[in-house]
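Keep the sequence and the model side by side as you read.

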Amino acid sequence: DWIPVAVGVSTALFVIPHLGNMTEESAGIIFFAIINLILISLIFSFITLRLKSIWAACGLHTIWNFILYNILGLNLSGNDGKTAAVFNLSSVGSNVLNGGLYGIEASVVTVVVLSAALVIFFAISRYTKKAVEK
């Protein structure tokens with residue numbers, strides 16, 4: 001079965017481009033940023049496999065970036081954070097709760113949220129699969 005290999009390659013190809021924006025961060029923030037990138041990549045892979053289409057994952061990624069950057073004014077994946085957003089919630093200071101200059105995508109809080117989402121998606125998938133088999 002090639003699915004684990006495809007998910008692994010997809011995850012690596014998602015994480016690698018984001019690494020360049022982490023050079024100014026502490027080891028803790030870099031650690032949580034990488035964990036979050038892996039988690040969201042797994043969620044996107046799960047959605048793609050479940051729906052048999054990449055478009056939902058692309059849409060969610062676009063919506064995530066748009067809301068964080070343009071609506072909330074949060075730092076996004078280490079970008080400069082200078083945007084004309086509706087709100088200005090950009091990070092002040094640098095710690096694992098706010099993700100520093102990288103943004104909430106490097107936050108321990110985001111690890112918890114994405115982990116919970118992955119568990120919920122997996123549980124729903126298992127439940128619906130068992131219901132279909134009955």
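Phe44, Ile47, Thr48 and Leu51 in α2 meet Ala56, Ala57, Leu60 and His61 in α3. Contact here means heavy atoms within 4.5 Å. By class, this α2 and α3 contact holds six nonpolar, two polar and no charged residues. Ala, Val, Leu, Ile, Met, Phe, Trp, Tyr, Cys and Pro count as nonpolar, Asp, Glu, Lys and Arg as charged, and the others, Gly among them, as polar. The axes of α2 and α3 are 7 Å apart, and the packing angle is about 145°. Axes are lines fitted to C-alpha atoms, for helices over the stretch in contact, and angles run from 0 to 180 degrees between N-to-C directions.

Some ground rules come next. This is a predicted model, in which local features need pLDDT of at least 70 and side-chain atom pairs count only at pLDDT 80 or more, while totals for chains, interfaces and linings use all residues. Residues are numbered from 1 along each chain as its sequence is written, and side-chain values use heavy atoms, with hydrogens and water left out.

Now the overall layout. The protein has four helices and zero strands. Along the sequence the pattern reads α-α-α-α. Helices (H or I, at least four residues) and strands (E, at least two) are DSSP runs, numbered from the N terminus. Along the principal axes, the C-alpha atoms fill a box of roughly 55 × 30 × 25 Å. Of the 134 residues in the protein, 31% are buried. Buried means under 20% relative accessible area, exposed over 50%, and partly exposed in between (1.4 Å probe, protein chains only). Take the contacts in the protein with a separation of 6 or more: residues 24 or more positions apart account for 55% of them.

Ala57 sits in helix α3. Its relative accessible area is 6%, so Ala57 is buried. Leaving aside neighbours within four places in sequence, Ala57 is in contact with Phe44, Ile47 and Thr48. Ala57 and Leu19 are 38 residues apart in sequence, and their C-alpha atoms are 21 Å apart in space.

Most residues other than glycine have a negative phi. With a relative accessible area of 74%, Lys52 is exposed.

Step back to α1 and α2. Helix α1 covers residues 3-15 and helix α2 residues 27-51; their axes come within 9 Å and cross at roughly 135°. The two helices are therefore oblique to each other. Angles under 35 degrees count as roughly parallel, over 145 as roughly antiparallel, 65 to 115 as roughly perpendicular and the rest as oblique. The crossing of α1 and α2 is right-handed. A crossing is left-handed if the near helix is turned anticlockwise from the far one by less than a right angle, and right-handed if clockwise. From α1, the contact includes Ile3, Val7 and Phe14. From α2, the residues include Leu37, Ile40, Ser41 and Phe44. This contact of α1 with α2 has 10 nonpolar, four polar and no charged residues.

Leu114 lies in α4 and is buried, at 9% relative accessible area. Leu114 and Ile40 are 74 residues apart in sequence, yet 6.7 Å apart in space, C-alpha to C-alpha. Beyond its neighbours within four places, Leu114 is in contact with Asn36, Leu39, Ile40 and Ile43. Ala116 is also in α4, but is partly exposed at 36%.

Finish with two loop residues. Glu25 lies in the loop between α1 and α2. At 11% relative accessibility, Glu25 counts as buried. A polar atom of the Glu25 side chain lies 3.0 Å from the backbone nitrogen of Tyr102. A polar contact is a pair of N or O atoms within 3.5 Å; within protein, one must be able to donate a hydrogen and the other to accept it, and residues adjacent in sequence count only if both atoms are side-chain atoms. Not counting residues up to four places away, Glu25 touches residues including Ile30, Ser94 and Leu101. Asn75 lies in the loop between α3 (55-71) and α4 (108-133). Asn75 is buried, at 4% relative accessible area. A polar atom of its side chain lies 3.1 Å from the backbone oxygen of Leu101.
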